[in-house]
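Morning, everyone. One structure today, and I'll keep it quick. Please look at the screen.

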Amino acid sequence: MRYKVTFAVGLALGYVLGTRAGRERYEQLKKSAREFAQNPAVRNAAESAGQSSREFAGKAFAAVSDKVGDAVPDALAGRVRGLRARVGSNGAAEDDWGTSNT
């Protein structure tokens, strides 16, 4: 019986210490990720990648629509055309991909 109680106390103590250490490490990782995401160089690179991908999507859509013709769904065609029209003054497009209009 004494060994069972000792084991249970050790298990509880290990759990408490482990969760505290895990939470501290989680907070450190969260802070590092936030600082990384707020870095101007990272933000510029992400914006540049987004702009490049929108340009590539427009070119790809044009190539596919030339070959496929009217078989491209209207919803897709409208979204791609809308991306070209929504480029703001900062060069980044505001889009609503993944949202429903209903």
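The protein exposes about 8,500 Å², by the Shrake-Rupley method with a 1.4 Å probe, where for residues only the protein chains shown count as cover. Carbon and sulfur atoms supply 60% of that area.

This is a predicted model: local features need pLDDT of at least 70, side-chain atom pairs count only at pLDDT 80 or more, and totals for chains, interfaces and linings use all residues. Residues are numbered from 1 along each chain as its sequence is written, and side-chain values use heavy atoms, with hydrogens and water left out.

Now confidence. pLDDT is the predictor's confidence in each residue, from 0 to 100. The protein's mean is 77, and 73% of its residues reach 70 or more. Helix 1 is highest, at 88, and helix 3 (residues 74-85) is lowest, at a mean of 70.

The fold next. There are three helices and zero strands. These are DSSP runs numbered from the N terminus: helices are H or I, at least four residues, and strands are E, at least two. Of 102 residues, 10% count as buried, meaning under 20% relative accessible area, with exposed over 50% and partly exposed in between (1.4 Å probe, protein chains only).

How many salt bridges does a search of the whole structure find? One. Arg23 pairs with Glu27, the closest N and O atoms 3.1 Å apart. The term needs a side-chain nitrogen of Lys or Arg within 4 Å of a carboxyl oxygen of Asp or Glu. Both residues lie in helix 1, four residues apart, about one turn of the helix. Glu27 is partly exposed, at 30% relative accessibility.
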